Amino acid sequence: MAKVARSSSSQSNNNILRVHKVKVYFQLYPGKSGNNNERSVSSDVEYELYLNNRFSQSGQLQADGSAEVFIPAGMSAELKALGSSYLLQPAINLEPYNSIKGAQQRLRLLGYFAGAADGKWDAAFDRAILNFQADHNIDSSGNLHNETYDKIKSEFGE
């Protein structure tokens with residue numbers, strides 16, 4: 001928590017700055033299987049981050065093709081890389097990782113699921129689970145069992 005001095009030296013104000021740490025991956029295919037050279041587009045790609053249409057940060061992609069950026073809550077963010085612009089909208093509320101909707105949200109953010117995280121089981125979600133299980137050497141049953149939930153949690157977080 002930051003302390004900010006007020007006009008009177010005897011008073012202070014505690015302000016909270018909420019910042020989303022976002023890691024964006026530019027990879028040839030999703031997941032963590034294979035090595036960085038196989039997955040990453042390139043580590044010499046430069047990127048720029050704009051917050052509310054103003055330049056904020058620049059850098060080069062990491063060896064795994066990722067860029068880690070910080071977005072203050074309530075700001076619009078645009079990442080420019082590879083000749084394109086990407087609107088970044090951090091997920092504010094994630095459902096529990098061990099629910100269908102929570103698994104959909106996390107698999108979507110990991111690049112496995114392109115559908116809407118609506119808690120409904122469909123063919124696209126089934127395919128996402130099977131691909132995730134195959135990439136992580138989990139019994140590819142297509143079912144969301146404890147081992148799959150635990151691996152989603154370890155790969156993404158709660």
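User: What should I know about the model and its numbering?

Analyst: The model is predicted: local features need pLDDT of at least 70, side-chain atom pairs count only at pLDDT 80 or more, and totals for chains, interfaces and linings use all residues. Residues are numbered from 1 along each chain as its sequence is written, and side-chain values use heavy atoms, with hydrogens and water left out.

User: Which residues of helix 2 are buried, and what covers them?

Analyst: Start with the general idea. An α-helix has 3.6 residues a turn, so residues three or four places apart point the same way. Helices here are DSSP runs of H or I with at least four residues, strands are runs of E with at least two, and both are numbered from the N terminus. Buried means under 20% relative accessible area, exposed over 50%, and partly exposed in between, for a 1.4 Å probe and protein chains only. In helix 2, residues 100-109, the buried residues are Gly102, Ala103, Gln104, Gln105, Arg106 and Leu107. Their cover includes helix 3 (123-135) and helix 4 (146-156).

User: Is Gln133 buried or exposed, and what does its side chain reach?

Analyst: Gln133 belongs to helix 3 and is buried, because its relative accessibility is 0%. Its side chain reaches the backbone nitrogen of Ser141 at 3.4 Å. A polar contact is a pair of N or O atoms within 3.5 Å; within protein, one must be able to donate a hydrogen and the other to accept it, and residues adjacent in sequence count only if both atoms are side-chain atoms. Contact in general means heavy atoms within 4.5 Å. Leaving aside neighbours within four places in sequence, the contacts of Gln133 include Ile138, Asp139, Gly142, His145 and Thr148.

User: What does Thr148 touch?

Analyst: Thr148, in helix 4, touches Phe132, Gln133, Ile138 and Asn143, not counting residues up to four places away in sequence. Thr148 counts as buried because its relative accessible area is 1%.
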